[in-house]
Amino acid sequence: RSKLRGKINPSLLELKHLSSLDLSSNNFSSIHIPKIFGLLESLTYLNLSYAQFQGAIPHNLGNLSKLQYLDLGGNDLKSKSLQWVSGLSSLQYLDLSGADLSNATDWVQVTFKLPPLLELHLSGCRLEDDPSFISVNSTKSLVVLDLSWNRFSSVPKSIFSLHGLVSIDLSENSLEGPIPDYFGNISFLEVLDFTNWNHLNSSIPNSLYSLNRLQFLSLSGNQLQGTISSAIGNLSSATYLDLSENQLNGQIPLSIGQLSSLEFFDVSENQLNGQIPLSIGELSSLELFDVSENQLNGTFPLSIGELSSLKYLDFGLTTLAASQNRLRFEPNSSWIPPFQCERIELGHWHLGPKFPQWLKFQKKLSYLDISYAGISDVMLTWFLNLPTQFEYLNLSSNQLTGEISYLNVSNFVDLSSNRFIGPLPRVLPTLLFLILSNNSFSGSLFELLCNSSSRKRMEVLYIDKNLISGDIPDCWSHRQDLKILNLGSNKLTGEIPPSLWRLNLTMLNLRNNTMFGELPSTLQNSPYLIMLDLSENHFSGSVPAWIGDKLSNLVILSLRSNNFDGHIPHKICDLQFLQNLDLAHNNISGVIPKCFNNLSAMATTNKTDKKVYGDSFYRFSWSALLVLKGREDEYGSTLGLLTSMDLSANSLTGEIPKEIGSLVGLLSLNFSGNLLTGNIPDSIGNMELMESLDFSMNRLNGEIPPSFSNLNFLNHFNVSYNNLRGQIPTSTQLQSFDNLSYVGNHLWGPPLTKNCASKGIPTDVANNGSSSEGSKVNSLYVSIALGFVMGFWGVVAPLFFIRSWSIAYYRKLDHIYGKLYVFWATMCM
């Protein structure tokens, strides 16, 4: 595994008869390719690939007239011209992949004229369309051409003069328009790869169906439309056919059964409909069959049982959107499948309500996904006792019941959204992912986490939304690989155990439990935390200043609905990656820090999920509950694109800093239910991406800034119950909200139906506290409301000691009080 370093010794030239030189996969970083290589005249083979050379390619390599094989791929090289290649008169193989040839406009004229050249690899060379292109008298020898990962917007027309080509790779470009018919004239073609053209909008041309020597065809990841022609049956030599991730519609043609050599068939992520043709039973060589994420319906053909070579079966998401029908598989209870699959994916099929009995005959099965399959059975003992060890098991989103004592799975388990009960199951020490969310597992965490002295490899653990009780055990020291931990929405009590902070966690979610205590200083030992959610507990004390120093990678910080007090520490302003800050419903006082404008991730409109998800391996497992637009929702795949700040329902004083207006990337801002005074800063109107803005129930005065007319994306807005006055600015959005967004102020103009400046305003909100007949009436309603609140509180005081009841009670009480307040304030309308 050692890699050579340093400089190349000039004494290499003494090897007069050296014909083959291979220095590939070494580490000659910051070194140019030595010119002495161009003096080794006997060389026929030169491989310098992936050796970390850099700089210009020495032109004297063109002196190696005997060279037959040259591989410079995978380095950081550049060349302004390829004229030096024309001197390699014996060259049969050339690979310059990864070199910067953006200025080498002569690449076609030089490489396509080399008489003996058989293979040409120019992948990732930054090649673009040449508007000054002229026809070239091309070589007839070239059989392999790789132009993948470049910047072509159209297929270079020079290709179509290479009639002897056997393999063409144009994947990962930016090609536009239809696939040219010229490819049908390259009759020897065996490999054609167009994976991830990004802007195609045509159908599959009939000319491709005439290539009867074609073995490999990939059109995956484009925008191809239309149907799959029955002429596909003419591709009699095809072994690999990938049409996935397009917009193809219609049915899978019956003629697919004529492709007797087909081993790989993937049409997933299209809009195909109808039934799977019975003729698939004729594909005796088929190993992989993937039609997932289409709109297929009907009954699953039992002819699939004739595919004795099948190793991978994926039907995945096959819901028909119009009627919510799903593919059904209804073999009789005695059916024994003749094939032995290693991997079965039948997610979103209708397999239930009984657990599929035929799975007991799959002796080689290591990967099983039957999620969302309509199974409402008791977990069967024979399945848990299968002799095979699963690597991947996904039974999520069914209605499976019963207890599970042990899981014989080595890598990944997802049992979420079922109705499993009893204690948590024991698992293998090799398990990486365990997802048990949204069940009724009960008991403690001790058996799962602590009953082993061996080092555990688990990286992701989700046990949220269950009935787990007791303290979190202090035995995390042997789980150093754990990255994501979600224990939210259980019945956990006690303080956070010290050993939990010895982990390298990137996400910790303890939301909605009954835990208490101050945030321990050992939390500083978790510098990799990206998400910290301790909301809806009984944590107390002040928000520690060291969060800004020690947890510098935080993207999501939620301490909502606890008993935190003190001021907001200025050190929070140092969290450059922070996108979601939620300190709502605490006892925090003081002013809003002006330094919030230093929260750079909130101050940019260029959002990315890269920081949130980090390694894409964990992408599927990230989720968070965020309160946006006045409601609580769970976000997963879009989490990295959301930015919000919620400081509502505290005791914050002073003015709203004008510096807040620099957070132009914010989508949601909530300062409601505080004691804020002064004018609303005009700079808030700069936050043009804002979708939700709530300043209600404060002591703000002045006018609604005219700049609010720029907030064109607002769909939730509330400034009610302040001391605001004047006309509501005219805009597309501000007039779309109902009266409740503005009541309790001295505002007028649309959408308010009448001017309520002198009526329906409480004394402490009206100008200088002046009284009138209207205010006497209002005092009566205030007295009624307060009397109702106090009386109702006296009756249900014991509910204070039952957290779940008290939360629901307070929310209902707040709702009733708000209704009365709105009724009182809108009497004049």
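Predicted model: local features only at pLDDT ≥ 70, side-chain atom pairs only at ≥ 80, totals over all residues.
Cys450 lies in helix 3, residues 446-450, while Cys475 sits in the loop between strand 29 (467-471) and strand 30 (484-486), so the pair ties together parts that are 25 residues apart in sequence.

The count of disulfides comes to two, and the other pair I want to show is Cys573 with Cys595, whose S to S distance is 1.9 Å. Here the torsion about the S-S bond is about 60 degrees, so the disulfide is right-handed. Cys573 belongs to the loop between strand 37 (563-565) and strand 38 (580-582), and Cys595 to the loop between strand 39 (589-591) and helix 5 (610-613), so that distant parts of the chain, 22 residues apart, are linked. Cys573 is buried at a relative accessible area of 3%, and Cys595, at 15% relative accessibility, also counts as buried, because the cut-off for that term is under 20%.

Turning now to the strands, I would point you to strand 23, residues 409-414, where five of the six residues are buried, so the strand is largely enclosed by the rest of the structure. Strand 20 (residues 390-394) runs parallel to strand 23 and is joined to it by four bridges, with Leu393 standing opposite Val413. Strand 26 (residues 433-435) also runs parallel to strand 23, through three bridges, and there Val413 stands opposite Leu434.

Conventions. Residues numbered from 1 in each chain as written. Heavy atoms only, no water. Buried < 20%, exposed > 50% of the residue type's maximum accessible area, 1.4 Å probe, protein only. Helix = DSSP H or I, 4+ residues; strand = E, 2+ residues; numbered from the N terminus. Pairing = 2+ DSSP bridges. Disulfide = S-S within 2.5 Å.
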